[in-house]
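Please open the model in your viewer and keep the selection panel at hand. The tour goes from the chain interface to a single residue, and then to the ligand.

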Amino acid sequence: MENNQSTGLLFEIAKPGRRCHTLPPSGVPSATLDACFTRQAPPPLPEVAELDLVRHFTNLSARNMAIDCNFYPLGSCTMKYNPKRHERLVGLPGLATLHPLQPDQTTQGMLAILYETQAMLAEIAGLHACSLQPAAGAQGELSALLVAAAYFRHRGENRTRVLVPDSAHGTNPASAAIAGFDSVTIKSGEDGLVDLADLESKLDERTAVFMITNPNTLGLFDHQILEITLKVHDKGGLVYLDGANMNAILGITRPGDFGADMMHYNVHKTFTGPHGAGGPGSGPIAVRDMLEPFLPSPVVTRDPDGTFRLKHDRPLSIGRVRSFFGNVGVLVRGWLYLRTLGPDGVRQVSEQAVLNANYLLALLKDHIEVPKGKGCMHEFVASAKALRREKRVSAMDIAKRLLDKGYHSPTVYFPLVVAEALMIEPTETESQETLDQFAATLISVLGEDPAVLHESPHELSISRPDEVAATKQPVLRWKSA
Amino acid sequence: MSYIANTPGQQAAMLQKIGKASIADLFESVPEPVRLDRLLKLPPSLSEVELTALAKKLAGQNRHPGELACFMGAGAYDHFIPAVVDSLASRGEFVTAYTPYQAEASQGSLQVFFEFQTLICQLTGMEVANASLYEAGSGVAEAVMMAMAATNRTGPVLVAGTVHPQYLETLRTYTANLEPEIRELPCPAGYLDPAHLNAAVNDSTPCVVVQHPNFDGSLEEIEELARISRAKGALFVQVFDPVSLGLLKGPGELGADIAVAEGQGLGSPMSFGGPYLGLMACREALVRKLPGRLVGQTVDRTGKRCWVLALQTREQHIRREKATSNICTNQGLYAIRASIHLAALGPAGLRETAQHCLDKSHHLLRLLMEKKVGALAFERPFFKEFRFRLADEMPGAALCVDQLVGNGFLAGVPHPANPRDLLIAVTESRTLEEIEGLANALAALKGSAGRGA
Ligand SMILES: Cc1ncc(COP(=O)(O)O)c(C=O)c1O
C-alpha cells in the first residue's frame with residue numbers, strides 16, 4: 001500500500017486561514033514597539049490544519065529506514081537498539097524542563113547524574129578527568145586538540161602539527177585545522193594498520209598530537225599500539241584516541257592503559273543516544289591528569305559534604321566550546337544506559353558486538369572479498385572491487401539493492417583506503433537469526449543480474465536521485481510558483 | 001542487562017562457525033599487557049523498575065519549571081511546546097534513523113530537512129539555510145570562520161559587547177589559534193552605538209557580529225549597524241531570536257549577510273542546556289562557504305521529485321582539512337521538532353506568541369516600577385526580556401533568585417556583568433497571576449537584606 005496522503009511539501013498542503021495552535025487572551029495591556037523595528041506582516045509560514053500536520057509527518061516518517069524497523073549495519077555508526085525506557089525517563093519534568101542557569105542548589109539531582117557520568121566515562125577510558133560539554137564527536141575532537149594546544153603553550157612548546165592516519169574519519173583533519181594545526185597524513189601499511197616507518201619519519205618535535213582510531217575504521221585493533229604511543233611520547237607528543245569505535249573495547253582494554261592521553265566518546269553511538277536522523281549527539285572527552293586544568297568549563301565537582309557544583313573558575317581552561325552545559329538530554333540517556341548495564345553488562349556489549357561482527361564476517365568472507373578480513377573487532381570492511389571489474393557492479397549498487405530487501409545499507413566508500421568499500425557493523429543487539437538472514441540476502445544480491453542492481457532500488461518510493469544536478473543547480477528551499 | 005538477543009547456545013554455535021574456542025580468543029589482537037584484568041568500577045546493573053525509581057528520585061531532587069514559574073532566559077526560554085511536536089518527533093522512524101546518507105532510505109527525514117530549510121528562510125527572509133548546527137554559541141563561531149573564508153580579510157573581527165557572553169566566549173575558544181583577533185566593542189549604554197562601529201570598522205574587517213534583541217533583551221540600532229558594516233565590505237552577522245520574528249523585522253530585511261540563532265524556542269525543552277538547535281542562514285552568494293549539511297531537491301531516475309544531501313564537497317568527509325567546518329553529526333531531530341513547531345504555529349500563531357511575550361514582559365516591568373523594585377538598567381526598547389537594575393533597598397540579584405525559589409519562582413538570571421542587575425524573561429507561557437505574583441514577591445524583598453551582591 002502506498003500512502004501519499006498529506007505527503008506533499010508542507011507549503012503545498014497549506015491554505016491561508018487554517019490554524020492549529022492558538023493562545024488564550026493575554027490578560028494584560030497591549031504593548032507596542034517603534035515601527036522601525038517591526039515588520040508589516042508575519043513571516044509567510046505555511047498555515048496547516050492539525051490533522052494534515054499529523055498525517056504529513058507520520059506518513060513522511062514511514063519513508064525512513066530506522067533501527068526500530070530495519071537491520072541497520074551502517075559501519076562506524078553503531079546502530080544498536082535505543083532503549084525505550086530512556087525516552088520515557090529523560091522526559092521526566094524534573095530533568096527535561098530544567099533551565100540551564102538555575103542555582104546549583106535547585107539542580108542537585110541533575111548534577112549528581114552528570115557527576116556520575118563524568119566518573120563512569122573516566123573509568124571506562126582509564127583516564128583521569130572528563131568534560132561533558134562537546135555536542136558531538138567532531139566537537140570533542142576539536143575541544144581536545146584545543147586542550148593540547150593550550151597545554152603546549154603553557155609549557156612554552158611550539159608544536160604545529162597533528163598527524164592523522166589516512167584511514168581516519170574526515171572530522172579528524174578538519175578539527176585539526178580549526179585548532180590551528182597543520183594536519184599531516186600517515187599511511188596505512190599493507191595490513192591496514194599504522195605504517196610505523198611512515199609514522200616515525202614524520203614524528204618530530206613539531207608533533208603536537210597523533211590521532212588514532214583504535215580499533216581503526218577497518219575494524220582492526222592496532223596491536224602495535226604500545227609501540228606507537230611510546231614513539232609519540234618519546235617525541236613529546238600526545239596521543240588522541242578517536243573513540244567512535246569504543247563499542248569494541250568497553251571493559252576489554254582502556255585507552256588510558258594503552259597510552260592515549262585524550263579521547264572523545266560518541267554517546268550517540270556507543271551509549272545509545274539515538275541518532276535522530278542526524279543528531280543530536282554528545283561527544284564528551286576524557287584526558288590524562290596533566291591536561292585536566294585545560295578542559296572546557298564548567299565541570300561538575302562535589303564538595304566534601306556531598307553538594308554538587310558547576311565549577312566555572314578554572315584559570316587554565318580553554319573556555320567554552322558551546323553555550324550552556326552540553327547536550328544533557330543525550331548524556332542522561334548515556335547515564336541511564338550505563339546504570340542499566342553495570343560492569344558485567346558493559347563488557348558484554350563489546351564481547352557480543354565483536355562476536356556478531358566476526359560471525360557475519362565468517363558467513364560472508366567466501367562470497368565477497370574482505371581485504372583485511374582474517375578477523376575483526378566490531379565491524380569489517382568488504383570490497384566490491386572484483387565485482388566492479390568483472391560485472392560492473394559497484395559498492396553503491398549492492399547498497400541500493402539491499403534497501404529493496406528491507407536492510408539499510410552498510411557505509412559505502414569509507415574508509416578511503418579500501419576500494420569500493422562496504423563497511424559493516426552489526427552491533428551486539430542483533431540476533432543470530434537477523435545476521436543469518438542478512439548474510440543470505442547479501443549473498444543472493446551478489447549473484448543477481450547486474451542490470452537489476454544498476455537500477456535498484458526498485459521497491460522504494462524513489463530510486464537513484466540525480467545528485468549531480470542537486471549540486472550543480474542547487475534547489476535548497478521551496479519557492480512559491 | 002545489556003539487550004543481547006543471542007542465547008548462550010547461539011553464542012557457542014557462532015563461535016564454532018567463526019572457528020574460535022572462546023570469546024576471549026576474538027580479542028587476540030589486543031596485546032596482553034593492556035587487557036583489563038578486572039571488571040570496570042561501575043555501579044551495579046539495574047532493572048527497569050529500579051532504574052525508574054532512581055531516575056525519579058534524582059529528578060525529584062531538582063526544583064524545575066514544571067512546578068516553578070520560570071522567568072529565566074539568557075538564551076534558553078520556557079516557550080510552550082504543542083503536543084504534536086512531542087508526539088510526531090518521538091516516532092521511532094525519526095528517532096532511530098541515522099544521517100540521511102542513503103537517500104532512498106531516508107526520504108522522510110530529507111523532505112523534513114528541506115522543509116526546515118525553507119521554513120527558516122521564510123522566518124528570516126534569508127535566501128539559504130542549512131539543516132542545523134549544534135547551538136548558537138558554536139554557530140557564531142562558525143559564522144565568523146565562514147566570513148573569514150568568504151572575505152579573505154584578516155583584520156579584527158568586531159563583536160558587539162552586547163552579544164551573549166557565552167557565545168563570545170565560544171567564539172574566542174574556537175578561534176584561539178586562528179588568524180583574526182576578536183575585538184569586543186564596548187557598549188556602555190547597553191547597545192552598540194553606530195558611531196562607535198563606524199569608527200572601528202574598515203576594509204580589513206571580515207565581519208561584524210551583533211545580537212538583536214541583544215543579551216540584555218534590548219533592541220539594537222540594527223539597520224544602521226548593518227548598513228555601516230556593509231559599506232566597508234564587512235559581512236554583517238546577526239544573532240536573532242526566532243520567536244521575536246513574529247513581530248520584529250527579520251535579518252533578511254535588515255540586511256544581514258549571515259544570520260545565526262539559538263533555535264531552542266522552537267520546540268526544544270530547556271533540558272538543562274541541551275540538546276538545542278543552531279540555526280544558520282545566509283545570502284545565496286555565500287552558500288559554498290556555508291558549514292553543515294544541506295538538503296537539495298532533485299529528481300530520481302524516473303523523473304520523480306525527491307531530496308538528497310547536496311553540496312557535500314564543502315564537508316569534512318570529502319574535503320578533510322580544507323572543509324568549511326568540522327561538523328558532522330548535527331541536531332537533526334531538533335530540526336524536525338522545529339519544523340513541526342513552526343508549522344503548528346503558522347504565521348498567526350507565531351505573531352500571537354510574539355505579541356504575548358511583548359505584552360507580558362512590558363506588563364511585568366510596569367508592575368515592578370510601580371512597586372519601586374527598581375528600573376531598567378538601560379532605557380532601550382525590548383522584546384521579551386529586560387535587564388532590570390534592582391533598587392538600593394533590594395538584595396542583590398543572586399539573592400533575589402535564591403529567595404524566590406521558595407515562593408515558586410525562578411525569578412530571572414543574575415546578570416554576569418553587574419550583581420545588582422536581574423535579567424528577566426517573560427514568555428507567552430507565563431500567566432497574569434504568575435506575573436503579578438513575581439512582582440509582589442520581589443517587592444516583598446525590599447529592605448530584607450540591605451544592599452549587596
Ligand atoms: C570514526 C569517526 N570519527 C569521528 C566521527 C565524528 O563524530 P560526530 O558525527 O559525532 O561528530 C565519526 C562519526 O561520524 C566517526 O565514525
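Predicted model: local features only at pLDDT ≥ 70, side-chain atom pairs only at ≥ 80, totals over all residues.

Begin by colouring the two chains separately: between chain A and chain B an area of about 16700 Å² is buried, and carbon and sulfur atoms give 63% of it. Buried area here is the accessible area, taken with a 1.4 Å probe, that two parts lose on being put together, summed over both.

Residues are numbered from 1 along each chain as its sequence is written, chains are lettered from A and ligands numbered from 1 in the order in which they are written, and side-chain values use heavy atoms, with hydrogens and water left out.

Now select the whole interface, where 204 residues of chain A are in contact (heavy atoms within 4.5 Å) with 186 residues of chain B. Seven salt bridges are found across this interface, a salt bridge being a side-chain nitrogen of Lys or Arg within 4 Å of a carboxyl oxygen of Asp or Glu. One to display is that of R19(A) with E352(B), whose closest N and O atoms are 3.3 Å apart.

Move to I252(A), in the loop between β5 (238–243) and β6 (262–265) of chain A. Is I252(A) buried or exposed? At 4% relative accessibility I252(A) counts as buried, the cut-off being under 20% relative accessible area (1.4 Å probe, protein chains only). Leaving aside neighbours within four places in sequence, I252(A) is in contact with residues of both chains, including R347(A), E351(A), F27(B) and L36(B).

Finally, centre on the ligand, which 15 residues surround (a heavy atom within 4 Å), the closest being S76(A), D242(A), H268(A), K269(A) and T329(B). Because residues from chains A and B surround the ligand, the site is shared between chains. Polar side-chain atoms of S76(A) and of T329(B) each lie 2.5 Å from an oxygen atom of the ligand, and one of N266(A) lies 3.1 Å from a ligand oxygen atom.

Notes:
Helix = DSSP H or I, 4+ residues; strand = E, 2+ residues; numbered from the N terminus. Buried < 20%, exposed > 50% of the residue type's maximum accessible area, 1.4 Å probe, protein only. Polar contact = N/O pair within 3.5 Å; in protein donor to acceptor, adjacent residues only side chain to side chain.
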